[in-house]
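Me: I would like to go through this structure term by term. Please set each value against its cut-off.

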Amino acid sequence: CDWSSDVCSSDLLGKNKFLGNNMNTQSEALLEENLLKQLQSLGYERVVIKDDKELEDNLKIQLEKHNKINISDNEFKRVLNHLNKGNVFEKAKILRDKHVLTRDDNSKVYIELFDVAKWCINEFQVFSQITMEKTYENRYDVTILINGLPLCQIELKRSGLELKEAFNQTLRYKRHSYSSNNALFTYIQLFVISNNVNTKYYANS
């Protein structure tokens, strides 16, 4: 894989505005904290999510909030079964489409995962350092959630390290742990990688 051919340079992180100006001395932990604070200042809700179970619990809460309904545990299992199918391209379609959920009383209700037309009414959250495990255990730097689904992953490296290290790390995550449990991380649409000097972004494919 020629990593440089599949990514785009970006000022997405504001010429290091998110990451801070002291480029030569900042650790990855400090870069991460500066990014999280910047996203909070833009209106993202910062949450603590450490594993798959907490990710699923938060998804249920956010879907209930976004759709203004209560979802039982059994109904949520049916939502997870619906989400846990298809490849990355089919999942992008699932994300855009409304899902017809059969309720416990056999009635039907539409569940919207993402409002494409009115993007600003979606619920934006951010968290860091979730641990996921399937073939190997991995811990991801920063994840952006929209309505509870992980749609953007940000991998940070300190200055002096090659950006390719972050790129290769996202490839390892996809191979080794994205499909764990209900495979919610397979809904990632966008990767952002940065070493506080250069920043690039690329689609999940």
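Reply: Start with Leu83. Leaving aside neighbours within four places in sequence, Leu83 is in contact with Leu59, Lys91, Ile94, Leu113, Leu149, Leu184 and Tyr187. Contact means heavy atoms within 4.5 Å. The model is predicted: local features need pLDDT of at least 70, side-chain atom pairs count only at pLDDT 80 or more, and totals for chains, interfaces and linings use all residues. Residues are numbered from 1 along each chain as its sequence is written, and side-chain values use heavy atoms, with hydrogens and water left out.

Me: What makes a nonpolar core, and which members of the largest one touch the most others?

Reply: A nonpolar core is a set of buried Ala, Val, Leu, Ile, Met, Phe, Trp, Tyr and Cys residues joined through side-chain atoms within 4.5 Å. The largest has 38 residues; Leu83, Leu149 and Phe185 touch the most other members. Apart from it lies another core, of eleven residues, including Leu31 and Ile144.

Me: Why is Ser128 called buried?

Reply: Buried means under 20% relative accessible area, exposed over 50%, partly exposed in between (1.4 Å probe, protein chains only). Ser128 has 15% relative accessibility, so Ser128 counts as buried. This residue lies in strand β5, residues 124-133. Strands (E, at least two residues) and helices (H or I, at least four) are DSSP runs, numbered from the N terminus.

Me: How do you know that the side chains of Ser128 and Glu32 make a polar contact?

Reply: The value is 3.2 Å. A polar contact is a pair of N or O atoms within 3.5 Å; within protein, one must be able to donate a hydrogen and the other to accept it, and residues adjacent in sequence count only if both atoms are side-chain atoms. The pair therefore qualifies. Glu32 is also among the contacts of Ser128 beyond four places in sequence, as are Leu36 and Tyr140.

Me: Why does His66 count as buried?

Reply: His66 has 10% relative accessibility, so the residue falls under the 20% limit. His66 lies in helix α2, residues 52-67. Leaving aside neighbours within four places in sequence, its contacts are Glu112, Asp115, Ile121, Asn122 and Asn147.

Me: How much of the chain is buried?

Reply: Of its 205 residues, 51% count as buried.

Me: How many helices and strands are there?

Reply: The chain has five helices and nine strands. Along the sequence they follow the pattern β-α-β-α-α-α-β-β-β-β-β-α-β-β.
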